[in-house]
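Trainee: Could you take me through the reading of charged side chains in a model, one feature at a time?

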Amino acid sequence: MSEAPGSTRFDPVPLSSEEQSRFVAENMRRVFLLIYRMVGNVADAQDLTQEAFIKALQRQEQLKDLEKAAHWLSRIASNTAIDFLRRSGRVSFSEIEELPESVFRSGLENPEQRVLRSERKERLDAGLLVLTDRERTALLLRDVEDLPAEEVAERLQCSKATVRSHIANARVKLRRYLERKQV
């Protein structure tokens, strides 16, 4: 069988501890934010992020294409968060101010830009809390993680029509919330 042009295939070889550390460091922030947006709680997101990386490193032999590592890890992370939401039956939320500032701060922004971005992020996070768990999860998987509706439906164990309904409802609710919060 020939490989597709540009694909990076390899025979699975366990990563060295240095490679594992680099893999975790390069993906930690993105995975944490994905999970945090889904569960809405810093402590749970930290625990679930750690759980997702443990699962990923235990299953590293499943990764056949290095170019798909980020997508593969995002899928593990989102499934970990979905499983948690199913087990808990509810989501406990924390204030956004409890997150470490370094998670959101960029060295390229001036203080005014940081304040404006922080305010926008607070409005967006508050808007996400208006949504149901399923609406929020469907919206994040589709619009943030850019997954196809079929895959979102599979993860949520529902039909594509239900996913489209969740996403449409979520977008309307979020838009209305953000319009009301405009000054």
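Mentor: The side chains of Asp143 and Arg171 come together in a salt bridge, at 2.6 Å from N to O. Asp143 belongs to helix α6 and Arg171 to helix α8, so this pair ties together parts that are 28 residues apart in sequence; helices here are DSSP runs of H or I with at least four residues, numbered from the N terminus. This is a predicted model, in which local features need pLDDT of at least 70 and side-chain atom pairs count only at pLDDT 80 or more, while totals for chains, interfaces and linings use all residues. Residues are numbered from 1 along each chain as its sequence is written, and side-chain values use heavy atoms, with hydrogens and water left out.

Trainee: What counts as a salt bridge, and how many does a search of the whole structure find?

Mentor: Side chains of opposite charge can pair when their charged atoms come close. The criterion is a side-chain nitrogen of Lys or Arg within 4 Å of a carboxyl oxygen of Asp or Glu, and the search of the whole structure finds 12 salt bridges.

Trainee: Is Glu135 buried or exposed?

Mentor: Buried means under 20% relative accessible area, exposed over 50%, and partly exposed in between, with a 1.4 Å probe and protein chains only. Glu135 counts as buried at 5% relative accessibility, whereas Lys173, with a relative accessible area of 32%, is partly exposed. The side chains of Lys173 and Glu135 meet in a salt bridge of 2.9 Å, N to O.

Conventions
Helices (H or I, at least four residues) and strands (E, at least two) are DSSP runs, numbered from the N terminus.
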